[in-house]
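Here is a short briefing to read with the model open beside you.

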Amino acid sequence: MKTSRLAALLGATLLSGLTSLAGAADKPKELNVGISTFLSGSASVFGVPARDAADILIQDINANGGIDGVKIVPSYIDEGGGGEKLLSEYRRLAEGGTRVMLSAISSGHCNIVAPVAEDLKVLNVMWDCGTEKALEGKNYKYVVRTQANATTEMVAQVLYLMKVKPDFKTIAIVNQDYAWGRDSRDIFLAALKKFKPDVKVVAEMFPKFGAADFSTEISRLQALRPDVIVSTSWGGDLDNFVRQASQRNLFKNSTFVLSLAESSLERLGNALPEGVLVGARGDHYFLHPETKDDPQHQAFVKKFHDKTGAYPIYSVYHMVQGIQGLKAGYEKAIKDNGGNWPTPEQVAAAMHDVTFKGYGRDVKMHRADGQALEAQLFGVTKKSDKYPFKVLSDITIVPAELVTPGVTETSMAWIEKSLTPDVLKSDQIKVFPN
């Protein structure tokens, strides 16, 4: 009996050990992470600062022991070469042993990369792209997103517009002609019509992505004189549009709503007038009313400014969230795995149930679809005595929970069935007057 019991005990112990090993990966000397961002082309004004932020943050994490003693080693992919080249470089890194990727900026690229990541069993953190279609209705195991999607951003933008300028009657849209521009248009208008069903859309224009000349669009807008002009464009496209519109006095005739212009404030300088309604694609901003005096945020802003000569923009903060979200996922997976180094699949599972911070409010990822909940910050441009560019005043922050569909709901169905004007009365929407 004693021999039998001892054998059973040894067998159970051995089985337990084998089970633990089966659920763990060999701890590497370094964690190779592929990061795609625009390093060339007009969108590089957005992508290069994000790369610089990754360098700063990764250096800091490594200096403090890395992730469980493992240092992060980034490899960068330039999205400026287009989708085909991105996929080629993506596959090359994956075949070379890189099992973790932060990809991508472009919504079109995220739509391309996500199914490939699933096929390759590569953990892919979508760190900036906005299209809701990348995750909506999907059942991805390896793909997550560490910031909001277009639905959260556009519905929050509508709420902000309705709060600060509710009496407009006509509106025009000028968006880039690709997935983000068209998806954001659809969501914005669907949400707007729940609040103003009689609003008249006098123009919808989609200049080519990367366009340098907006004279045709500006001439048409001058003739139409809409009450509100909305653009969800970003990067060099937005900069060129604003400069040309300013030169031709278009801002005098209409109220501009620039959903992503927080990233262009410093570059545009005096070309961007006062009184423009601006979004930040999240609640991050280097003068965030809740975190501007936080020592860690201040230290990061200083490091970034020392390195680049500029202040952080939302792509920078999204990169921070992508890396911090990945780190939080690894730490949770290690804990869940009994202290053993996790597989990419285990980290992906952990990233479906984490809360972490960048330099704004908490980012919450507790959804089966891997979609983060990220609050949204808006403000109106005004002159500053401290900075040689416009800053945001009367900042409003909209919590993601008010403007994000549930896991099983499509964006359009949720807007149609669940979004009502009563949301404007929510005391969760915070205004910071100044």
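Is Ser184 buried or exposed? At 0% relative accessibility, Ser184 counts as buried, where buried means under 20% relative accessible area, exposed over 50% and partly exposed in between (1.4 Å probe, protein chains only). This is a predicted model, in which local features need pLDDT of at least 70 and side-chain atom pairs count only at pLDDT 80 or more, while totals for chains, interfaces and linings use all residues. Residues are numbered from 1 along each chain as its sequence is written, and side-chain values use heavy atoms, leaving out hydrogens and water.

**Around Ser184**
- Leaving aside neighbours within four places in sequence, Ser184 is in contact (heavy atoms within 4.5 Å) with Met154, Asn175 and Thr232.

**Aromatic pairs**
- Rings of Phe, Tyr and Trp (its six-membered ring) pair if their centres lie within 6.5 Å; planes under 30 degrees apart count as stacked, over 60 as edge-to-face and the rest as tilted.
- By this rule there are 21 aromatic pairs.
- In one of them, the ring centres of Tyr317 and Tyr359 are 6.4 Å apart with planes at 70°, so the pair is edge-to-face.
- Tyr317 counts as buried at 1% relative accessibility, and Tyr359 counts as buried at 12%.
- Ring pairs also link Phe38, Phe46, Tyr178, Phe209, Trp234 and Tyr314 into a cluster.
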